[in-house]
Every structure is written in structure tokens, then in C-alpha cells.
Amino acid sequence: MANLKELAARGDKFTGGHRACAGCGATVVARQALLAAGDKPVVTTCATGCLEVVSTIFPYTAWDVPFIHSAFENSAATISGVEAAYKSLKRQGTVKEDIRFMAFGGDGGTYDIGLQALSGAMERGHNMLYICYDNQAYMNTGIQRSSATPKGSATTTSPNGKKIPGKVQFRKNLTEIIAAHGIPYVAQSVVGNWSDFTKKVEKALAKGGPAFIAVLQPCRLGWGYPPELTAELGRLAVETNFWPLYEVEDGKYKLNSTPKERKPISEWLFLQERFRHLKRPENQAIIDEIQKDIDLRWENLGKKCSL
Amino acid sequence: MQKIILAKTGNEAMALAMKQINPDVVAAYPITPATEIVQIFSQYVADGEVKTEFVAVESEHSAMSACIGSCAAGARTMTGTSSQGLALMYEMIYIAAGLRLPIVMADVNRALAAPINIHCDHSDTMGCRDAGWIHIFSENAQEAYDSMIQAMRIAEHKDVRLPVMVTTDGFIISHGMERIDTLSDADVQSFIGKYDPMMHLLDIKKPFTVGAINLTDYYFEHRRAMVDAQNNALKVIKEVGAEFGKKFDTNYGLIEKYQLDDAEVAIVALGSTCGTAKVVIDKLRKQGVKAGLLKIRVFRPFPAEEIARALENIKTVAVLDRSDSIGSFGGPVFTEVRSALYGSAKKPQIAGVVYGLGGREIDMEQIEGLFMDLKAGKIKADSVSYLGVRD
Ligand SMILES: Cc1ncc(C[n+]2csc(CCOP(=O)(O)OP(=O)(O)O)c2C)c(N)n1
Ligand code: SF4
């Protein structure tokens, strides 16, 4: 696995000059993923969403690798087609290189509208790595709730109101849904831990077959925090057990880090505007519920990892 | 060149054309009455008779998405669908055309729900008429087969580079057995030639971005370029049709005139109904009735000038629509034909007739009756009527 110096020497394939917000974690995901691919040729695609919109404003592009965007819910299906073309043309001898395929999608384009296409692509076993940059809401259309939005979060379609204090439901556990497909490699990583993420990308690419990585991506606009805290918020999500770093390789679960001392979830919540209303005493019960849910999910994950 | 005579249904004919084209990738999802096309093709794949990578996707939306990815990656790409399947593809249909990808699709015309119905009308295809695809209608299985082969050439032509759908009428053509003249694999291959895309995603030394976001500063120009491509297609389709005729004895144009030049009354139609109309016209001609047919083979690009010229000397014309444009004045074929005629100094009296929705039968007596009504002045010009419906 490449160290920081080696990664830095590789040169960016996702280049500067894009139009993301200062401190955006999504662009970090794209940049580090392509750095991790190194010299291995990759063809990429992206669902409609922040990452695509900020990086491909015609006639400019931030992608220094072949890239296709077609629509919102279908980056897994689009790359399925690219990969099928590769298989066919490779077999016929017109394409010589060994190429890998990488798809990116936001949580909306992955957990919700794109779930069918993703599930189909994973089941068919295409040689692709799908990376979900999970910023926990539809950011590109102005911060609406998705099924990845955590309970209690205020979004523009689950606002904090007089009767309803932000999103009512807990978030969907997509990583487990994808793991249930029985594909060779599934993992969770986070913006703010470059070595964990790049290692996982390298591993997924080396493995072959379908692979999936969900990366928790702090969004400074949607979450509401100063841009310099992006990496910090990612790490804190891991230290509170909100976002465990783990992988499922050929069905075998493995925790990649165990916080020495689990921090209370309120530490993470209170740094973000979207949870501001939870500071009010009458909403303490919601924080307690969130904490309980995190503890339960952690316990369940722990059981799977020690199998 | 040697033609091989076979008995084939429309679906079998289309699947055979696909096999002989031998595309690099097919991504498809089953739907009645098009299912057989991909079933038959899957067998070709399973038997190793084609080099194709077949992707059995989980939906039509993904079928067209995968076709888009595959075609952008430089692979000759095909699919087939119908009705609700085409409707589910709708979003991606626009994207395939907008990205200028020469995908060829076999579309078996079927009514759209609701109510759910599996039989033929043109509502599905017509719903995509503004998407930028080239639309070729087939009168019978022979035309479906021939047009599929020509479609590949048209789509990939450097002045066109647009996707093409070749349609047959559900069940009427798709499931009806006919005698067709087929070509050898070698003839098909030499006619379509090698595909040489200008740029493609697998050319990793020359990375480029497909599908970038275009804002107010570029979108309009890129859409305008599609209009030019459609206009270019008018010429290219005729050239390809003529070359096909030279090589294989059957000429194809944008429209076909049947007993039209000296006709007093005429109908305009698409697809299988044209075959029925021809039989009726033969009968009427024997009785001294000057009846004629204008068959529109290519609906997109719309051959407005040719149509206007073909109709200018006729007294009265009925335009048959096998789909309705609900809430508008007449079906899509009527409104476009009428609009094409508007600027002509000499123009016929013209009426719209919607018929055959959801597979409702159109028989020879009805078409004969239509001609007689036209002749007797019983069909009012500039009116829209519904043929064969219980009011
Ligand atoms: C079919 C369809 N529905 C809705 C939209 C509008 N839309 C574009 S991006 C987006 C949200 C993207 O959210 P997410 O996938 O979470 O990515 P992010 O913006 O957070 O990067 C939506 C709803 C669309 N483009 N296509
Ligand atoms: S809104 Fe969030 S995800 Fe979108 S560009 Fe800004 S920081 Fe990045």
C-alpha cells in the first residue's frame, strides 16, 4: 500500500479548478480514489450530484481520466455498459490495456433512486468499484433528506419545525445491504483518514469483481460547520462509533479501528448546524435514542467481526 | 450476393439482423411483444455464434444506461424493447441522443398503459419523437430486417452520429410469420463495415469527459448541432437506402409512394397498415377509383418537403394515426403532415383519422370505406375522427 509520500508523488488525476465549496469532502474522495488507483488505468463515471456538477462545467473538466456522466440514478448501470464494452473489445483484441472501472455516486443517487441499478450491477458481477460519497443528504438540490440522513438532522425536506424536530427516521444501512449481495469487497471509510481510504481503494481495485466502498463525507454547507473542520468531523464520526471503519472481504468482517475511548455522539452532533435544535433540553430524548441506536449497531457489527 | 429465403416472424427477423450485425454489446430487458428478440439473441450468445457481450440488466432504464456507457466506450451497441420498457428508458433516450451515441434499438410498437394493453399502437414510439433519435417504421418483417442493417450505417455516419430505432408493429409483424429474403453474414458485415468511433472512453491515453454539465453558455449550441445532424440524416438515410438497393435489389427511401402520382384520394400511414392499404388500393384501382398511399417510412427526421411534394396534386387526403396526442388537434402524424403542407401553393384537403389504439383491428373493409368516404366528400377537411371506436 502506498504511503503518503508515494501518493503525493503520483500527481492528481482529479485536478484543481473545480467549483466545489471550500472544504468540500466529495472532491477529496474523488482525488484520493484516483491517487490510490496509481498507474492502473481507470475509467470513471459519476451520478448527477455535487461531485459531477462542480467538476464538469463545460468546457472544463477536473477529470484527467476518461469520464462519463449520464444521469442521476444510474452510474452503476452506465459503468456496467462501459465495462461490458471493455470485456467485448478486450476479447476481440482491440483494447489491450488492463482497465478498471470506478463509479461515484452521492448518497441520494446510491441509497435511494440508484439502489436498483447498483444492486443489479453488483449482482451481475461487473468488474467495478462503486464509491458512494455519503454526505447524508441531497446536497446538490439544496440539502433535502435522503435515506442516509441521520435521525434528528434538519434538512430542507425534514426541517426542524414546531411539531417535528428534524428527520424522524434512522438512516438506512446501505453498507450492510450491499454486503448481503455477497460480493468480494465491501467497506466503509471516511474523509479524514486518507490511509484507511486509499488502502481500501487499492485493495478493492486489486481484488477484481464488484466492490463497494461507502465513504462518510462531511459537507460543510449541508452540515453547517467551518470549512477547516471537514477532516475533523470525519474522524469524530469514527471516534463516536457513528461511522465504524470496517471491511467485508469475501464475506469476512473486519473492524479497521476501534476507538480507545468511545466519545459521546453529542460531541459530533453539536459541531453541526443541522443538529443545533437538539441542544434544547426538550430534545435530549432524541440524542439518547441516537446514542442507543449507535451502541446497538456497534454491538451487532462487533458480533459479525469476531465471527 | 445471394439471398437466402426464410420463413421468419418479425421478432426472428430482427434477432437475425442483430446476429448478423454482430454487435459488441447488447444490454436488454424483456417485455412483450419484444421479448423474443432478446431471447433468440441470448441463444446466439450462449451458442457462441456472436462475439457480443450480453448484459441482462435489471430494468430498461439500466438497459439504456448500459448502452450509453458501452457506446461511449467505443462498442457497437444494440438493444430492443417496447411500450412500458421504452417509457422507462425515456430519460436515457434523450441522453443517448444528446451524447450523440449511435445505438440501434429494435422497438416493437405497443400501446402504453393505462389501461394496460399488450397490443400494437404507436404511442410508445411517438412519445420519443422529440428526443433526437431517428425513427424508422417497418411495413413488414422484410423491411424490419433490412432497416436494422441500414440503421447501423445511418447511426454511425459521421454527419449523423445519432441513435436509431427501427420499429415493427407489435404482434402484427412481431409475431406474424412471413417469407423474407435474408443476406449472408458476410454481406451484412461488408455492408455495415467496421465501426471507428472518433473518441471513446477506453482510449485511456486520451482521456476525455462525456456528459459534462452545459449551462446557458453551451447547451443551446449542442442541441442545435443535433438539429443539423437530423437534417443531415435526411440525405444519409437515402444514400444508405440506395446503396442497399444497389447491392441487394431493394431500394429504401424516406417515404414510399404507392399509386400516388395520379391519385385523387389518398391516405398517409405508417407501419403494417400500409400493407393492408396497398391491397385495398389494388382492388379500388381495378374498379376505377384513383386511390393512393403515401407511406412514411422515416418519421424522424421528418421528411416534410418530400411529403408536401408527394401530396400536392391530390384532392383529399386522410392521415392515419395509430396513436393520439391527447388534448391536441389530431395525432402526431396528422399535425406534422398538415404543418408540412401549410406553405404549399397547391395542397390537398386533409383530415386526421385516429385508429387502431391498443391493437384494435383495422381491416380492408374499413380502409376501403375510408377511401369511399374521402371520395364522396363525407370526411370533412381539417377534422379529426376516430375510426373503429365504439363511441
Ligand atoms: C431523475 C432525477 N430526479 C431528480 C434529479 C435532481 N437531482 C439532481 S442531483 C440530486 C441530489 C443529489 O444528491 P446526492 O446523490 O446525495 O449527491 P450530492 O448532491 O449530495 O453530491 C437530485 C435530487 C435528477 N437529476 N434526476
Ligand atoms: S454542498 Fe457540500 S457536497 Fe456540495 S460542493 Fe458544497 S461542500 Fe461539497
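Colleague: Is A:Lys87 buried, partly exposed or exposed, and what is its relative accessible area?
Modeller: Bearing in mind that this is a predicted model, the side chain of A:Lys87 meets that of B:Glu53 in a salt bridge, 3.8 Å from N to O. Buried would require under 20% relative accessible area and exposed over 50%, so A:Lys87 counts as partly exposed, with a relative accessible area of 34%.

Colleague: Which elements does the pair of B:Glu53 and A:Lys87 join?
Modeller: The side chains of B:Glu53 and A:Lys87 meet in a salt bridge. The pair crosses between chains, running from B:Glu53 in strand 3 (residues 53-56) of chain B to A:Lys87 in helix 4 of chain A.

Colleague: Is B:Glu53 buried or exposed, and at what relative accessibility?
Modeller: The partner of B:Glu53 in the salt bridge is A:Lys87, which is partly exposed. The cut-off for buried is under 20% relative accessible area, so B:Glu53 counts as buried, its relative accessibility being 14%.

Colleague: How much area do chain A and chain B bury between them?
Modeller: The size of an interface is often given as the accessible area lost when the parts come together. Here 41 residues of chain A are in contact with 41 residues of chain B. Carbon and sulfur atoms hold 64% of the area buried between the two chains, and that area is about 3,100 Å².

Colleague: Which three residues supply 18% of the area that chain A buries against chain B?
Modeller: Chain A and chain B bury about 3,100 Å² between them. Of the area that chain A buries against chain B, 18% is supplied by three residues, more than by any other three, and they are A:Phe58, A:Pro66 and A:Arg124.

Colleague: Which element gives the most to the side of chain A that touches chain B?
Modeller: Between the chains there are 17 residue pairs in polar contact, both residues being at pLDDT 80 or more, and the count of salt bridges is four. On the side of chain A that touches chain B, at least two residues each come from helix 3 (50-55), strand 2 (67-68), helix 4 (75-91) and helix 6 (115-124) of chain A. The element that gives the most, with 11 residues, is helix 4 of chain A.

Colleague: How many residues apart in sequence are the parts that A:Asp12 and A:Arg31 tie together?
Modeller: A:Asp12 and A:Arg31 form a salt bridge whose closest N and O atoms are 3.2 Å apart. Because A:Asp12 lies in the loop between helix 1 (4-9) and helix 2 (25-37) of chain A, while A:Arg31 lies in helix 2 of chain A, the pair ties together parts whose separation in sequence is 19 residues.

Colleague: What covers the buried residues of helix 4 of chain B?
Modeller: The buried residues of helix 4 of chain B include B:Leu86, B:Met89, B:Met92 and B:Ile93. What covers the buried residues of this helix includes, from chain B, helix 3 (60-72), strand 4 (77-81), strand 5 (104-109), helix 5 (123-126), strand 7 (164-169) and helix 8 (219-248).

Colleague: With which side chain does the side chain of B:Ser147 make a polar contact?
Modeller: B:Ser147 is found in helix 6 (residues 141-156) of chain B and is buried, with a relative accessible area of 0%. Not counting residues up to four places away in sequence, B:Ser147 touches B:Ile136, B:Val166 and B:Arg297. The polar contact, at 2.9 Å, is with the side chain of B:Arg297.

Colleague: What is the relative accessible area of A:Val190?
Modeller: A:Val190 is found in strand 5 (residues 185-190) of chain A. Leaving aside neighbours within four places in sequence, the residues in contact with A:Val190 include A:Phe197, A:Leu216, A:Trp243 and A:Leu245. A:Val190 is buried, and its relative accessible area is 1%.

Conventions. Residues are numbered from 1 along each chain as its sequence is written. Chains are lettered from A and ligands numbered from 1 in the order in which they are written. This is a predicted model: local features need pLDDT of at least 70, side-chain atom pairs count only at pLDDT 80 or more; totals for chains, interfaces and linings use all residues. Side-chain values use heavy atoms; hydrogens and water are left out. Buried means under 20% relative accessible area, exposed over 50%, partly exposed in between (1.4 Å probe, protein chains only). Helices (H or I, at least four residues) and strands (E, at least two) are DSSP runs, numbered from the N terminus. Contact means heavy atoms within 4.5 Å. Buried area is the accessible area (1.4 Å probe) that two parts lose on being put together, summed over both. A polar contact is a pair of N or O atoms within 3.5 Å; within protein, one must be able to donate a hydrogen and the other to accept it, and residues adjacent in sequence count only if both atoms are side-chain atoms.
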